[in-house]
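Let us walk through this model, starting with a single contact and widening the view from there.

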Amino acid sequence: MAESRPKVWVSQPLFDDIVERLHAHFDVVQVPDVSEHDAAAIAAALREVDGALVTLNERIGRDEIADAAKLRAIANVGVGYNNLDIDALQARGIVATNTPDVLTETTADFGFALMMAAARRVTEAERHLRAGQWQGWNFKGLLGADLHGSTLGILGMGRIGQGIAKRASGFDMRVLYHNRSRLPAEVERAFNATYVDFDTLLAQADHLVLVLPYSAASHHIVDAAALAKMQPTATLTNIARGGIVDEAALADALANGRLASAALDVFEGEPAVDPCLLALDNIVLTPHIASGSLATRRAMVALAVDNLIAALGVGPDAGRPPSPIAPAKQDDNDAKRPGTA
Ligand code: 8YV
């Protein structure tokens, strides 16, 4: 009797020409349309397969894998993996992988773009113009804050945070950072970045960017008390995970002149966005697209496919997926790495 091939589940439509590589080794169950899978649907899909290629939309924990007797590997398309319960997967000997590095520069580009947009009120100004409110040139209208010569605060100095620091040097910004662990002196020198404690970062940053992993420890780390320590002229940009910011407290600070402006690419209840945020003019809101250049999204899928093939013990790297999520990795404070992304 012919041995049956391992089976894998691809939870969302990705790039067919890249996902195609899975067909050489596996029977592929491809979800045809962008879908919201609830826990029961994920459990039902995982019950049938040896491996899965998933995105941040699929939350996989103890319950979802309880009946997945054959499951050996989960390849996450994303650097952040707070959608996965790593302890539960490890307890079952299921390999989990993510897609670091390939998205670093693209995500740093976007973080910078959001910070600039918030500081210079780009989307607010566009809305003003499109609404026919531009009645004539107003010397004092829509004034923003400078980036050049200002102080940048980076919370989470992993690869993406470092990418933002690198860009900041072209804008003559002073770079302060805070991280769970201080970086080696030569890395600080390379990025011209100064380590400060969290309160100093909040107090001194003209522009604060969040790129830290999401975990129980970073849940609502930017809350009302933290926001109160920031300058009323400052901006806040979040490209990490929504749960890092207390959105109600942020909306309140923005509405009451305690913070100049903000830019969010991630939301605690995404794709739902708190109506309090939507009602504000001084905030830039984008739908979780920081890694979304065509080249980078393709590179992420390619890496996830390589991971899945190797984790399931076939292909040139059989048994050695390029980017496993090892317990040690959870401590290296990569930007967007959950406990985090
Ligand atoms: C998206 C991200 O999550 O990599 C991450 O952690 O936040 C983004 O790149 C990813 O594209 C969707 O799975």
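**Across the domain boundary**

D101 and R159 form a salt bridge, with their closest N and O atoms 2.7 Å apart. The model is predicted, and this distance is computed from its atoms.

Where do these residues sit? The chain is divided into domain 1, residues 7-101 + 294-311, and domain 2, residues 104-285. Seven residues from domain 1 and seven residues from domain 2 make the contact. The C-alpha centres of the two domains lie 31 Å apart.

Now take the interface as a whole. About 630 Å² is buried between domain 1 and domain 2. Carbon and sulfur atoms give 42% of that area. The rule finds one salt bridge across this interface. Polar contacts link four residue pairs between the domains, both partners at pLDDT 80 or more. On the side of domain 1 that touches domain 2, two residues are nonpolar, three are polar and two are charged.

Helix α7 spans residues 159-169. How much of α7 is covered? Eight of its eleven residues are buried. They are I160, G161, Q162, G163, I164, A165, R167 and A168.

What do these buried residues pack against? Two helices are among the partners: α5 (104-119) and α8 (185-191). The strands β6 (151-155), β7 (174-178) and β9 (207-210) complete the list.

Technical notes: Residues numbered from 1 in each chain as written. Predicted model: local features only at pLDDT ≥ 70, side-chain atom pairs only at ≥ 80, totals over all residues. Heavy atoms only, no water. Domains from an automatic or database assignment. Contact = heavy atoms within 4.5 Å. Buried area = accessible area lost by both parts, 1.4 Å probe. Salt bridge = Lys/Arg side-chain N within 4 Å of Asp/Glu carboxyl O. Polar contact = N/O pair within 3.5 Å; in protein donor to acceptor, adjacent residues only side chain to side chain. Nonpolar A, V, L, I, M, F, W, Y, C, P; charged D, E, K, R; others polar. Buried < 20%, exposed > 50% of the residue type's maximum accessible area, 1.4 Å probe, protein only. Helix = DSSP H or I, 4+ residues; strand = E, 2+ residues; numbered from the N terminus.
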